[in-house]
Amino acid sequence: MDMDSSKSSKAKNKKKRRNGRKKKATAEQSQYAKSVREWVSLDSSSPPSVDDDDLDFGLRSKVVFDLHSHSIFSDGFLSPTALVERAHRNGVKVLALTDHDTMSGIPEAIEASQRFDMKIIPGVEISTMYSPRGESGTEEPVHILAYYGSCGPARYEELETCLSNIREGRYHRAKNMILKLNKLKMPLKWEHVAKIAGNGVAPGRLHVARALVEAGHVENLKQAFNRYLYDGGPAYSTGNEPSAEESVELIRRTGGFAALAHPWALKNPLPIIKRLKDAGLHGMEVYRGDGKLAAFSDLADRYNLVKVGGSDYHGRGNHDESDLGSVNLPLLAVHEFLKVARPIWCNAIKDILQHYVEEPSELKVERLTRFWKMRNLKSISTASHCRDVVDMCLSTWLTPEERQATDIESLRSKLSHTSINGVALC
């Protein structure tokens, strides 16, 4: 080997060793890690083990977050239970179930998560429409992710009314798509699409695409979308989607963290991001299976938006889809997400408790415990005071520091003599 080759080889080995070393976490970064671990382990029987040596703030830690997934309750292929099981096998510790326009799968996902000490973030991906106001561009669909705390949304009925209206529109939308496809000499029957969607599930484009494949009109799902079902395509149709701004405002009113989903899919993202930021948008997806998208990371910095991401897993079984847990969400990004989201979720808990204080009822206890793990409910089935219920809820929802806040203590005091005898909690 000549001298130049030897020097080159040594330089490469030195670079490889340098790149292979993990950056030592600073005191501030270690504190971030501690804060994330504390929240993740609130309702866990075995808190996740993450040492500073396992942390590299350009990479993720062992506490894997996936903030975007779908089940059969919308257009996914797996039940919430099967989704949680797969997430667990892939090392996910915190999973957000974000079905389109419904939260119906959340209770099953939470119940399934008990077996694995996983944490479920109750979420929903809301279908909205963006309409330009004088600026260049055309109307286009926009999806907004809503993330809620363990107690779920405050003002749940207001959110559910909106989601129910969107779901109703999805039925009309699917029927219009079928009508257009029939005119294009690709006959489909409504019963076929409804059967694919499943009982009680509002059909989406994916269900129509699957019907096209099964009827032999196209070879695969990708072809169905690329030829007929893409935004503005020959068989595309809209439903009862609210405006994107209104949806962001609704998420904020109901105690949620609002994030723009897959902005890279938008035709004209810049004015949309700006308008939604003005409406109160908290964050947007920047991370996905193939890494961080620099252009959207820069936009998030420009508009002071929290950077989030997830696999957007549907379980389609093709090579184009990112698997659960595959998105490299840095611990620093997770910390920033929780730093913004946790005060919002804490206020939602206080809102729900305040409504109970003002008018105690069995219905409001059920609202309080809507997304609570079933094992906890069973353990308090003989409780005699609402404060017992509240204390057990809060111990799994809030950190000790959050529970000691003056306004939380005041609500607990007011609830201390509120009887819940006769209320069926399990």
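Guide: Of the 426 residues in the chain, 53% count as buried. The model is a predicted one, and its secondary structure comes to 17 helices and eight strands. Among contacts with a separation of 6 or more, 71% are between residues 24 or more positions apart.

The part to look at is helix 7, which spans residues 205-214. Seven of its 10 residues are buried, so helix 7 is largely enclosed by the rest of the structure. The buried residues are Arg205, Leu206, His207, Val208, Ala209, Ala211 and Leu212. What covers them includes helix 5 (156-183), helix 6 (190-197) and helix 8 (221-229). After helix 7 comes Gly216, which has a positive phi, near 80°.

Helix 7 also takes part in the largest pocket. It is one of the elements that give two or more residues to the lining of this pocket, together with strand 3 (119-130), strand 4 (140-147), helix 5, helix 8 and strand 6 (283-288). The space in the largest pocket is about 1,400 Å³. Its lining has 43 residues, and those nearest the centre are Phe225, His262, Asp312, His314 and Arg316. Sorted by class, the lining has 16 charged, 16 polar and 11 nonpolar residues.

The structure holds three cavities of 30 Å³ or more. In the largest cavity there is about 110 Å³ of space. It is lined by 13 residues, with Asp43, Ile110, Ile120, Ser150 and Phe371 nearest its centre. At least two lining residues come from each of helix 4 (106-113), strand 3 and helix 15 (386-397). The lining of the largest cavity divides by class into seven nonpolar, three polar and three charged residues.

The second largest cavity has a volume of about 90 Å³. Its lining consists of Trp39, Lys119, Gly149, Ser150, Cys151, Arg342, Trp345, Cys346, Ile349, Trp397, Leu398 and Glu402. Helix 12 (residues 331-358) gives the most to this lining, with four residues. By class there are seven nonpolar, two polar and three charged residues. Ser150 is listed in this lining and is also among the residues nearest the centre of the largest cavity.

Two residues of the second cavity, Trp39 and Lys119, are also partners in a contact between a charge and a ring: the charged end of Lys119 sits over the ring of Trp39, 4.6 Å from its centre. A further contact of this kind involves Lys175, which lies over the face of Trp190 at 5.0 Å from the ring centre.

Trp39 also belongs to an aromatic cluster, which it forms with Phe65, Tyr147, Phe257, Phe337 and Trp345. Trp345 is another of the residues that line the second largest cavity.

Aromatic pairs in the structure number eight. In one of them, the ring centres of Trp264 and Phe296 are 6.3 Å apart and the planes are at 75°; an angle over 60 degrees counts as edge-to-face, so this pair is edge-to-face. Trp264 lies in the loop between strand 5 (257-260) and helix 10 (269-279), while Phe296 belongs to helix 11 (residues 294-302), so the pair ties together parts that are 32 residues apart in sequence. The two residues fall into separate accessibility classes. Trp264 has a relative accessible area of 27% and is partly exposed. Phe296, at 12% relative accessibility, counts as buried, because the cut-off for that class is under 20%.

Apart from neighbours within four places in sequence, Ser71 is in contact with Gly76, Leu78, Ser79, Pro80, Leu97 and Asp99.

Key:
Residues are numbered from 1 along each chain as its sequence is written. This is a predicted model: local features need pLDDT of at least 70, side-chain atom pairs count only at pLDDT 80 or more; totals for chains, interfaces and linings use all residues. Side-chain values use heavy atoms; hydrogens and water are left out. Buried means under 20% relative accessible area, exposed over 50%, partly exposed in between (1.4 Å probe, protein chains only). Contact means heavy atoms within 4.5 Å. On a 1 Å grid over the protein atoms alone, a cavity is a set of points where a 1.4 Å probe fits but cannot get out, and a pocket is an open set with protein on both sides within 12 Å along at least five of seven lines; lining residues have an atom within 4 Å of a point. Grid points are joined across faces, edges and corners, and a volume is the space filled by probe spheres set on the points. Ala, Val, Leu, Ile, Met, Phe, Trp, Tyr, Cys and Pro count as nonpolar, Asp, Glu, Lys and Arg as charged, and the others, Gly among them, as polar. Rings of Phe, Tyr and Trp (its six-membered ring) pair if their centres lie within 6.5 Å; planes under 30 degrees apart count as stacked, over 60 as edge-to-face and the rest as tilted. A charge sits over a ring if NZ of Lys or CZ of Arg is within 6 Å of the ring centre and within 35 degrees of the ring normal.
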